[in-house]
Amino acid sequence: MNTSLPGPGDEARPATAEAAEDPAAAPVRGAGRPPSLTRPDGTPVRVLVVDDDPDLAEVLSGVLRYEGWRVGTAGDGASAAAEARALLPDAVVLDVMLPDTDGFAVLRDLRTVLPDVCVLFLTARDAVEDRITGITAGGDDYVTKPFSLEEVVARLRGLLRRAGMARRADEGPRLVVGDLAMDEEAREVTRGGDLVELSPTEFELLRFLMRNPRRVLSKAQILDRVWSYDFGGRAHVVELYISYLRKKVDAGREPMIHTVRGAGYVIKPAGGR
């Protein structure tokens, strides 16, 4: 099946009447459907669709919801910024041409709030220079209209998995960020295949970080989730255990645990992607 969405000059409507009546019914995944993706903590992947064509946005959003993902939509740059702050998406499907600005400007604004969000550009432009502009601006990938729904979903799945922001639901109780892996049931941690020995508290701290890859976690959030403390002068406890983790996880390797001055801590794959 090749359910294509419109290109320049085409009427903005799904390829089938069935999809028009119920976008979620679009047969993107059949008997051979790939395993669903979730965030590392098991919650639904969050995706923001930004396109000024309401019909196209509706169909695409329905297909992504069929994946089990939580989806937000926006029709212009201003509403995209507001929706991104509310949804905190893992990925954004972003049209280059918007009524109040262009997708490149929207991307720059998004990066100030979500520096590591995955961005898939939708573009009616097929010129090499436009593709280069999108990638240079910080986009991770692009598709050119007309495109198939399967292609958009496949590219999003690939981006999310490579960025460590999603995992397959059938992968079991494993968290993976870059070359760092945690088996939650066996309570084992490896980096690059080498076993990392952790104390119970270090394990819980690392688990909280790995369940929220690329997201800055404040000391107050960490205290509440790992120690169940109210925030009140105990920041040194977090700092101390972060230093313990770094000595065990990052020792002799490219760092994965980073301090964001004035904000907290974040874990992400070595090399940034």
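# Sheets, helices and salt bridges

Biologist: Which residue in β7 stands opposite Leu122?

Modeller: Val143 in β7 stands opposite Leu122. Bear in mind that this is a predicted model, where local features need pLDDT of at least 70, side-chain atom pairs count only at pLDDT 80 or more, and totals for chains, interfaces and linings use all residues. Residues are numbered from 1 along each chain as its sequence is written, and side-chain values use heavy atoms, with hydrogens and water left out.

Biologist: OK. How many bridges join β6 to β7?

Modeller: Four bridges join β6 (residues 118-123) to β7, and the two strands run parallel. Strands (E, at least two residues) and helices (H or I, at least four) are DSSP runs, numbered from the N terminus. Two strands pair if DSSP finds at least two bridges between them.

Biologist: What's the strand order in that open sheet of five?

Modeller: The order is β4-β3-β5-β6-β7, with parallel pairing. β4 (70-74) and β7 are the edge strands, each pairing on one side only. On average, neighbouring strands of this sheet are turned by 20° against each other, direction ignored. Axes here are lines fitted to C-alpha atoms, for helices over the stretch in contact, and angles between N-to-C directions run from 0 to 180 degrees.

Biologist: Which strands does α6 lie across?

Modeller: α6 lies across β3, β5, β6 and β7, and runs at about 155° to β6.

Biologist: And α2 against α6, what's the angle?

Modeller: Helix α2 (residues 54-66) packs on α6 at about 55°, and their axes are 11 Å apart. That makes α2 oblique to α6; angles under 35 degrees count as roughly parallel, over 145 as roughly antiparallel, 65 to 115 as roughly perpendicular, and the rest as oblique.

Biologist: Change of topic. What's the order in the four-stranded sheet?

Modeller: That open sheet runs β10-β11-β12-β13, and the pairing is antiparallel. β10 (174-177) and β13 (194-196) each have a single partner strand, so one side of each is left without a neighbour in the sheet. Neighbouring strands in this sheet are turned by 25° against each other on average, direction ignored. α7 packs on the sheet and touches β10, β11 and β12, its direction making about 115° with that of β11.

Biologist: What is the bridge partner of Met182 in β12?

Modeller: Val189 is the bridge partner of Met182. β11 (residues 180-183) and β12 (residues 188-191) pair in the antiparallel sense over four bridges.

Biologist: What about the hairpin of β14 and β15, which residue takes a positive phi?

Modeller: Gly262 does, with phi near 80°, and the hairpin has three residues between the strands. β14 (residues 257-260) and β15 (residues 264-267) run antiparallel and are joined by four bridges. His258 stands opposite Val266 in β15.

Biologist: Now charges. How many salt bridges?

Modeller: The count comes to 18 salt bridges, each being a side-chain nitrogen of Lys or Arg within 4 Å of a carboxyl oxygen of Asp or Glu. One of them joins Asp90 to Arg39, with the closest N and O atoms 3.5 Å apart.

Biologist: Why does that pair tie together parts of the chain?

Modeller: Asp90 lies in the loop between α3 (77-87) and β5 (91-95), and Arg39 in the loop between β2 (37-38) and β3 (46-50), so the pair ties together parts that are 51 residues apart in sequence.

Biologist: Are those two buried or exposed?

Modeller: Asp90 and Arg39 are both buried, where buried means under 20% relative accessible area, exposed over 50%, and partly exposed in between (1.4 Å probe, protein chains only). Asp90 also meets Arg215 in a salt bridge, 2.5 Å from N to O. Arg215 lies in the loop between α7 (200-210) and α8 (219-227), so its pair with Asp90 ties together parts that are 125 residues apart in sequence. Arg215 is buried too.

Biologist: And what does Asp141 meet in a salt bridge?

Modeller: Its partner is Arg155, at 2.8 Å from N to O. Asp141 is in β7 (residues 141-144) and Arg155 in α6 (residues 149-162), so parts that are 14 residues apart in sequence are tied together. Asp141 counts as buried because its relative accessibility is 16%, while Arg155, at 29%, counts as partly exposed.

Terms used: Contact means heavy atoms within 4.5 Å.
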